[in-house]
Structure formats: structure tokens, C-alpha cells
Amino acid sequence: MNYFELFSLSPSFELDTALLSERYRELQRAVHPDKFANASEQDKRLAVQHTAQVNDGYNTLKHPISRAEHMLSLKGIDLSHESTTVKDTMFLMQQMEWREALEEISDCDDPDEAIEHLHQSFGEYRGEITSQLAQKIGSEEASVLEQAADLVRKLKFMEKLQAELERTEDALF
Amino acid sequence: MAYSEKVIDHYENPRNVGSFDKNDPSVVTGMVGAPACGDVMKLQLKIDEQGIIEDAKFKTYGCGSAIASSSLVTEWVKGKTIEEAQAIKNTDIAEELALPPVKIHCSILAEDAIKAALDEYKAKHEK
């Protein structure tokens, strides 16, 4: 299933999310099961299926990581079910350092500042990876797409870090 | 999801947590990560001149199964030769800890950490 086609959008990573939401509401109305209250059993079942598909598609395209995964899967690269190990030592060292910094936040003299600093570092790094990804993911070349896949994997680590940061923040205040 | 007793034991009393001095020439480091869950694992081995693993330490950021898997391999590799350590399979780890299917990737990560550390050892000794 190509979700870009479902929402009549061009398959681009830099997606107009306002337009996506608009198309989503249109489609949702068109396939809403309530509209099929007097329809045959088969049409009702189909309407339920379509609604589920529209919801899945919207959730997939809304978030950059799942959108990128969807784009790659359309090109034959499946990232969502892989158990690939990342071995980029420099990248992993940085991840370790950030995890250590998160652990030490509660012992900081000024945890507010430490949290603010990490938010900024994570944001900058994520922005850098995301813009590289936007350049590479449109490619048709296998080697460039493999690089794009690697960037998506890195974004997944950043997503996890961000969640940990927010958890640390919640625990403090 | 219920963790096995062995996982809980390693999680609550992890063996060999920490780091060696990375400037020590007998120390090699394996760094690996799993994008699916964002887990990061560092395994360090201290290997003597005869190629025997003298000591091992780990540091893992991840779920209980990832911590237990790395804690277990630090125990297993001690006293082993490079070849013996190389032969440790993720299935052995998963079986020992009774990992459920969704946590198999934690044992894969631990196996890959051993391999990454030993790769560094080989690269050092080829020179």
C-alpha cells in the first residue's frame, strides 16, 4: 500500500503536513462506517477496512521517522522489522556520552541548564541528520538509499534519547 | 511481560559493570547499538599475550534483557580464548536467560558486541 497515493500526495520526505491533515479529514469522512449504516454487510466491512487503512496511513506519514521508513519500504528496504546492529563507533560513543549526561542531571548544580543544553544539542544533531536524510531519500541509487536507511536508524536512537530526556525532566519537576 | 529469574538476577546484580582504561594496550572495545529500541552496549575485553580473555567489563543503556545479556557474556568470556569467545552464539545467550522472542535482539546485540571487540583485537594484531 502506497500511503502517498492514498492521500494523493507526491512521495516527498518534506511533506506539507497541513495538506496531509486536510486530505485525512476528507478521506475519513468519505469512508466513515456511519455512512454505511444501511449498506450491505460486505460494504460495511470494506468501510471499516478503509477507515483502518486511512488511519494507519495518516499515522505513518505524520511522523518523520515512520514516513521515511515507509518511503524506504516502497523502494524495497524494510527497516521496521529489522534487527540490524549499528556499529558506527563514533556515533555510539556520542550516544553513550549523552546517556551518561542524562544520568548525571540529577546531581548537577543547575539541572535546568543541563537539560536545556541537552535539548539544544539533541535538536541540532537531529536537524542535521534530518536534512541529510531529506537529500538522500529521494534517490534511486541503492548505495544512497542504504545511507538514508542508516540516517533513519540514527534518528531512532535520537528519538529514544529525546524520550529519556523528557522522562528525566518529568522526574525532576 | 515477565522476565525470567536469571534476567532479574543479572539486572539487579549486574556483573562486571564499568570501564577499563582504554589506553591500556591489552584492552579492546566493542560498541554496538540496536536502532529498534535505541539500546547502546559497550563491551571491553582485557586480553593477555597468550590470547586469553583475562577480564571483561560492560556498560549498557537499555532494557533488562539487554543488561542481562551483556552481564552474562562478561561472565562467559572470562578465561576463554579468542576462538572460544568468537563461538558464543546469540541463541546460547537467549536460551540461558530464557528470553522471549521479542527480546531475542538483545542477545544478538550482545553477540555482536563480542564480535566487534574481537574485530578490534584482530585489527590491532595484524599490524
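Biologist: Is A:His81 buried or exposed?

Modeller: This is a predicted model, and in it A:His81 has a relative accessible area of 69%. Exposed means over 50%, so A:His81 counts as exposed.

Biologist: Where in chain A does A:His81 lie?

Modeller: A:His81 is placed in the loop between helix 4 (64–74) and helix 5 of chain A. From A:Gln28, A:His81 is 53 residues away in sequence and 28 Å away in space, C-alpha to C-alpha.

Biologist: Into which domains is chain A divided?

Modeller: Chain A has domain 1 (3–62) and domain 2 (89–172). The centres of these two domains of chain A, taken over C-alpha atoms, are separated by 32 Å.

Biologist: Let us turn to the aromatic residues. How many aromatic pairs are there over all chains?

Modeller: The search of the whole structure gives 5 aromatic pairs. One of them joins A:Tyr24 and A:Tyr58.

Biologist: Why is the pair of A:Tyr24 and A:Tyr58 called stacked?

Modeller: The ring centres of A:Tyr24 and A:Tyr58 are 3.9 Å apart and the planes lie at 5°. Planes under 30 degrees apart count as stacked, so the pair of A:Tyr24 and A:Tyr58 is stacked.

Biologist: Which helices hold A:Tyr24 and A:Tyr58?

Modeller: A:Tyr24 belongs to helix 2 (residues 17–31) of chain A and A:Tyr58 to helix 3 (residues 41–62) of chain A, so the pair ties together parts that are 34 residues apart in sequence. Both A:Tyr24 and A:Tyr58 are buried.

Biologist: And what about A:Phe91 and A:Tyr125?

Modeller: A:Phe91 and A:Tyr125 also form a stacked aromatic pair, with 6.2 Å centre to centre and 25° between the planes. This pair links distant parts of the chain, 34 residues apart: A:Phe91 is in helix 5 (residues 89–104) of chain A and A:Tyr125 is in helix 6 (residues 111–136) of chain A. A:Phe91 is buried at 3% relative accessibility, whereas A:Tyr125 is partly exposed at 21%.

Biologist: Which residue lies over the face of A:Phe13?

Modeller: A:Arg67 does, at 5.5 Å from the ring centre of A:Phe13. In chain B, B:Lys46 lies over the face of B:Phe20, at 5.4 Å from the ring centre.

Biologist: Now the charged pairs. How many salt bridges does the structure hold?

Modeller: There are 15 salt bridges over all chains. Among them is the one between A:Lys156 and A:Glu69, with 2.8 Å from N to O.

Biologist: Which residue forms a salt bridge with A:Arg153?

Modeller: A:Asp150 does, and the closest N and O atoms are 3.0 Å apart. A:Arg153 and A:Asp150 are 3 residues apart in helix 7 of chain A, so about one helical turn separates them. A:Arg153 is buried at 8% relative accessibility, while A:Asp150 is partly exposed at 32%. Salt bridges that share partners join A:Glu146, A:Asp150 and A:Arg153 into one network.

Biologist: Which residue forms a salt bridge with B:Arg15?

Modeller: B:Asp9 forms that salt bridge, with the closest N and O atoms 2.8 Å apart. B:Asp9 is partly exposed, at 32% relative accessibility.

Biologist: Staying with chain B, how many bridges join strand 2 to strand 3?

Modeller: Strand 2 (residues 39–47) of chain B and strand 3 of chain B run antiparallel and are joined by 8 bridges. B:Leu45, for example, has B:Ala56 in strand 3 of chain B as its bridge partner. The two strands of chain B form a hairpin with 5 residues between them, and B:Gly51 in the turn has a positive phi of about 80°.

Biologist: Where in chain B is confidence lowest, and where is it highest?

Modeller: Confidence in chain B is lowest in helix 1 (residues 5–12), at a mean of 91, and highest in strand 3 (residues 53–61), at 97. The mean pLDDT of chain B is 93, and 98% of its residues reach 70 or more. The model scores ipTM 0.87 and pTM 0.88.

Note on methods:
Residues numbered from 1 in each chain as written. Chains lettered and ligands numbered in written order. Predicted model: local features only at pLDDT ≥ 70, side-chain atom pairs only at ≥ 80, totals over all residues. Heavy atoms only, no water. Phe/Tyr/Trp six-rings, centres within 6.5 Å; stacked < 30°, edge-to-face > 60°. Helix = DSSP H or I, 4+ residues; strand = E, 2+ residues; numbered from the N terminus. Buried < 20%, exposed > 50% of the residue type's maximum accessible area, 1.4 Å probe, protein only. Lys NZ or Arg CZ within 6 Å of the ring centre and 35° of its normal. pLDDT = per-residue confidence, 0-100. Domains from an automatic or database assignment. Pairing = 2+ DSSP bridges. Salt bridge = Lys/Arg side-chain N within 4 Å of Asp/Glu carboxyl O.
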